[in-house]
Structures are given as C-alpha cells and as structure tokens.
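User: Hi! I am new to reading protein models. Could you walk me through one?

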2 protein chains.
Amino acid sequence: MGTRLGKQTIRLDSRPVIQAWAAIVGAKEGQGPLRRYFDEVVEDEYYGEKSFEKAESKFIRETISKILMKGNVSTGDIQYLFAGDLLNQCTATSFGVSASEIPYFGLYGACSTIAESISLGSMVVEGGMAERVICITSSHFCSAEKQFRYPLEFGNQRPPTSQWTVTGSGGVLIGSAGDGPRIVHITTGKIVDMGITDANDMGAAMAPAAVDTITAHFTETGLPDDYYDMVVTGDLGEHGKNLCIKLLEENGINIKHCYNDCGTMIYSPEQGTDCGGSGCACSATVFAGYLLEKLSRREINRLLLVATGALHSPTSIQQGESIPAIAHAVGVEMQQN
Amino acid sequence: MGTRLGKQTIRLDSRPVIQAWAAIVGAKEGQGPLRRYFDEVVEDEYYGEKSFEKAESKFIRETISKILMKGNVSTGDIQYLFAGDLLNQCTATSFGVSASEIPYFGLYGACSTIAESISLGSMVVEGGMAERVICITSSHFCSAEKQFRYPLEFGNQRPPTSQWTVTGSGGVLIGSAGDGPRIVHITTGKIVDMGITDANDMGAAMAPAAVDTITAHFTETGLPDDYYDMVVTGDLGEHGKNLCIKLLEENGINIKHCYNDCGTMIYSPEQGTDCGGSGCACSATVFAGYLLEKLSRREINRLLLVATGALHSPTSIQQGESIPAIAHAVGVEMQQN
C-alpha cells in the first residue's frame, strides 16, 4: 500500500487515523498563548524528580499515560512506540518508555523527531504491520541548556538569534481506524547543509531544509500552494521563519497567508525567549496540543506539519563543523463530510 | 501485509531481499579472524580525515558507496536510508549520509541499531512503500572511547568485563525483489532494565534483553529452538554470551549448538579486547561481512540476528542510573530450492 508520488513523498491510501493525542508542558509554556490547549502544565521544573533528566523522562511517561487514557486503550493494545529526544544517547526516552514494555524504536531527528516518528508510525500502520502505534518526543529546557550550552548557574547571555528549548512532551496514538484527523501524505527530508556554523542561529541552518521539504511536497503531490489551511514549520523561530518565507517565494511557493512556525507560536514576545521555542517538544506539543485540537474541531481541515531538526552536536560545533539540517513533513487532513 | 504472530513478532509475507551488503573496518578488526570477509580494511584510524568523528562519517559514506556499487544501483534508486551511530546526536551519521541526498530516518538503538534499521527498512519495503532502502550503522573505537570513557591519551586501565568498540561501518541494501537472503521475521525488543549500573559490564546489562527478545521470538513464531543454523547476538561479549546461554536455558530454550555472539566473533582472544567487541558497527560488520556471505554461499540457510543495545549515556551513569537495554531480532533465510 501507499502510493509513491516522487522521490521524497508517498500518499498513504488507508489514511491512518490520529486516534488520540496529548501534550504536557512546563511552567513557561503554560504561561504562553497556547496554554489552554495543553493537557497539563507542570510548575515544578524537576517534576518531583531529583534531576532534570529524570523530569524529562517523567514528561514522556505521563504523556504516554495520558494518550492511552484519552485513546481508551492499554499498553498491550499498542504494537510499537516510535520515540526520541535531544539528550545524548536519547536517555530521556529510554528511561521514560521503559516501564510501558511496548516494543520500541528509538529515533534521533533532533527537533524534527515528532514528524519522523509520525512518518514511520503511520507507514507501519499503512502497511498493515500494526493496528496502533504511539509516536512521541520530549525536551526539557534545563537538561538541554546543560548539555548543549552552559550550566544554568553560569547565567550566560543569550544572543538575539537564540531559541528557548520547550519543556514538555507531546505525542499521538495512530491507528488504522477511527474518526480523527488522518495522515494523508508523508514527505521525508534529506539532509540539507548550507554551511551555517553558528549553533545560536539554528533557524538559519534549518530554514533551507524546511524549504527543501516543502518544495518537494508541493512539487511531488502536485497540490496547489493554497491547498492547506495551515502550513506549520517547527521550530525555525522568528528569524528562521522569515528566511523560510523568503526562500519559498524564490521557489515560486507562496504560503504566507497560511504559514506559521511552532517556535513562534508557543511563547509570546513578552516571555523573553528571543527567537522563540525549539526542542523536540516544540512542534510535538504545539501539534499534539493546539493543532490537533483545531483540526478535530474543524477550525482547520488540512494541515502540513513540517518539523525541522538541526543535526549537530556540541562536539561537531567545537570542531568547527557546519550544521546539517533536516525537515520531515506530514500532511494531516480531516475527512471530507 | 505482514502477519502479526504475537506482541513483538511479525512475519513479512513478501520476504524482502537483502540485495547487497558491505562492511568496511579498521586495522584491529582487519587483524581479527573475520578479516577476509570485510570489503575493505582501513589502516589509518583517521581515514585521512582530521578527527576521529570525521573518520567515522567517512566509514559510513564509503560503505554506502560500496553497497550502491555492489547492488548496481545509484542513490536515486534508494527511497530511504535508515541509519544511526553511537555519537552524541548521531553526528557521525548526519555528516556521513549528508552527501547522498537520500531521504533519511535517523535512529538511535545503541549497538542494536543495525537490527532496528533492518527491521524498519524491511517493514517499509514489505508495506510497499519503498522499492529499495539502505540500512547502515557505524562506530569508531577512538570517537567512542573519548565520548563514553576517557581520552585515549589518558591511558586508563580496562576492567576485564569491558568490550572494545569496533571501528567500521556495515550496511545492507534491502529491496522487494531478487535472489539474496530474505528477511522473514522481525521481533522488536522492548526495554529491559535489570538494574545493572556498571557501564564496564554492558554484557550483563544487555544479556537479559537478548534473552527476552529470543524467548519472544521462539514463543511467538512457534519455531523449534533448532530451527536456525545460527542464532547470533551482538554484542554481548564473552561474559554476556555465557549469561545469555544460561538465562535462555532457564526459559527452556536451548540454542547452545548454534549460538554465537558478534562481540566474541570479531576479535581473537590474543588481540587483548577483554570481553570482545561492541559498538553499532560490531553486529553490523559481522552481519554485513561474515554472516551474509555464509548465507549467500548457503553454508547456513537460516539465521537469527539479535542485535543488542545498552541505552545509557555517560550522564545517566554518573547520575547512578541503571542501564536500560534492548534487543531487536531479525530472522534472515535463504530461499528453499
């Protein structure tokens, strides 16, 4: 099954259904403009645990519980878990999903991971190899700052192009049947590396990857650029978003009227996050909180989610290497009435 | 397509074919007992590059080239690349696969990654969503020591339970048609955490995961425990291998006659690697070098590859956490004449 439309895009003919979704976020995200769309806001950055890393694992664990509850299923009903995070060796996920005992595929796509996991999960459902899968990612501001930049205690200055790692976890339950939003198209990214070396300007590194994937999506599907009610990248931030619009226009694609970026949606400008949000949880919580709610209420009917990832490490940056970036797109649509 | 046999196992009814394979290794691996099975032995640990990390990326890049050449295909014929490595944020892979421009799914399963990638790759082929995929992993002794343990210059002592990270890359081209070895069963691991906290004894942490997956495989497929000509774990090492045999016997599974471990196969005892090999490239190069050759020459006809991964990080170990482990099994068979 699945119909190949081009080098990067397939159409899923069975249209796997997003049967349930959940997003749990931290305090700062809970003060942002999307606050009422999240299932839970956790005020304590430790989430009652003794380290930020364990807190991040708890975000995943609790989000899985919430998804199961909302989907009215148990762990035994789920054939595969597709998940990942930003921490070295993806340990937030390993410890977070361990207790579930669901067969597990660990992924690393940096901030693009939620779209990567949804792509793989829905392909496995489309292929008839699973009835239900969970696709989930997490990030945590404190564990990410410590690992990628400086210990929080150091109190470093943030350059104006920097982004703020979202604390939280978002995920979906995808199944072969049901009434929810459906996965219709998958456009899988290839790595795009434009030679950007500034890890504080990930928007600039990732925008060309988003443009590459969005261009491939419209070219290969043949859909007009006004087909979607919303095209949402994540997480380019303010700077990357502007770059993305400009570069798309150069490719003859005008989605300005319906385009937004998860990094710019999750915080309000007064929250002092410079260019906006980032992290695996950024597009995951905006999607599994806000966007799926808008779809299920039919406030929008067609969404293209284009999650973007910067595939560098602190070591590669210290060694002066460029930032390879990737963007995976998932076309989600409500059934026509 | 695909027939679900149990919670963790599916049978692939189309039996995707391993159309080509390649393994490139470092000098030490080239001095081991499997030397004549590798496509290339690279004597220079820098592989002509300026860092161990860049050398590791080159192993992947060159192995992809070799696979394409042996499969008589070009990058444009490959729909997806499933790949990963041990480095933080999987950068060896990002930089290694970037130039190929193949749509890319990044994976993290530690040393189990080759079986994870083959599982996902062959499921996507089985589902009809790709005609050809490449599944590949890498590791490098020098980049791994530096990251997980100590800088090489420190000259630390190695405890007797330690394993030696394999330098190299191994991968396969999986397609929907052809004459090669075929992927028949996939048993996907769940995380098993027995509370082991010693990162120098990964064999003990991973053996229970291997046992869990092998037990699930035989139980769910209903195959007798003498079905396979070889059952090969990777990479438990000498210590973990003995544990695995013992624990399997307790579960009523006796595979002693046909069982081996990639970690114990790749080096000879005189090479001073303590318990043997490890790293994403260990099972990948033993599989894509030695085992697939044995299959294609029909010296064996049925193989169960059970790649094992220890999903910890230096941070989780320093924080006193246990080592979550996982094992993914892939049943590979030659067509009956």
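This is a predicted model: local features need pLDDT of at least 70, side-chain atom pairs count only at pLDDT 80 or more; totals for chains, interfaces and linings use all residues.

User: What is the mean pLDDT of chain A?

Analyst: Start with the predictor's confidence in each residue, which is given from 0 to 100. In chain A the mean is 96, and 100% of the residues reach 70 or more. For the model, the scores are ipTM 0.97 and pTM 0.98.

User: At what angle do α2(B) and α5(B) pack?

Analyst: Helix α2 of chain B (residues 52-71) and helix α5 of chain B (residues 141-148) meet at about 135°, and their axes are 8 Å apart. An angle from 65 to 115 degrees would be roughly perpendicular, and one over 145 roughly antiparallel. That is why α2(B) counts as oblique to α5(B). Their crossing is left-handed.

User: Which residues make that contact?

Analyst: From α2(B) come F52(B), E53(B) and E56(B), while α5(B) brings C142(B), S143(B) and K146(B). Sorted by class, there are 2 nonpolar, 1 polar and 3 charged residues.

User: How many residues does each chain give to the contact between chains A and B?

Analyst: Chain A gives 49 residues, and chain B gives 49 residues. On the side of chain A, the elements that give two or more residues are β5 (80-84), α3 (91-97), β6 (104-106), α4 (113-126) and α10 (314-318).

User: Which element gives the most on the side of chain A?

Analyst: That is α4(A), with 5 residues. By class, this side of chain A has 22 nonpolar, 20 polar and 7 charged residues.

How values were computed:
Residues are numbered from 1 along each chain as its sequence is written. Chains are lettered from A and ligands numbered from 1 in the order in which they are written. Axes are lines fitted to C-alpha atoms, for helices over the stretch in contact, and angles run from 0 to 180 degrees between N-to-C directions. Helices (H or I, at least four residues) and strands (E, at least two) are DSSP runs, numbered from the N terminus. Angles under 35 degrees count as roughly parallel, over 145 as roughly antiparallel, 65 to 115 as roughly perpendicular and the rest as oblique. A crossing is left-handed if the near helix is turned anticlockwise from the far one by less than a right angle, and right-handed if clockwise. Two residues are in contact if their C-beta atoms, placed from the backbone, lie within 7 Å. Ala, Val, Leu, Ile, Met, Phe, Trp, Tyr, Cys and Pro count as nonpolar, Asp, Glu, Lys and Arg as charged, and the others, Gly among them, as polar.
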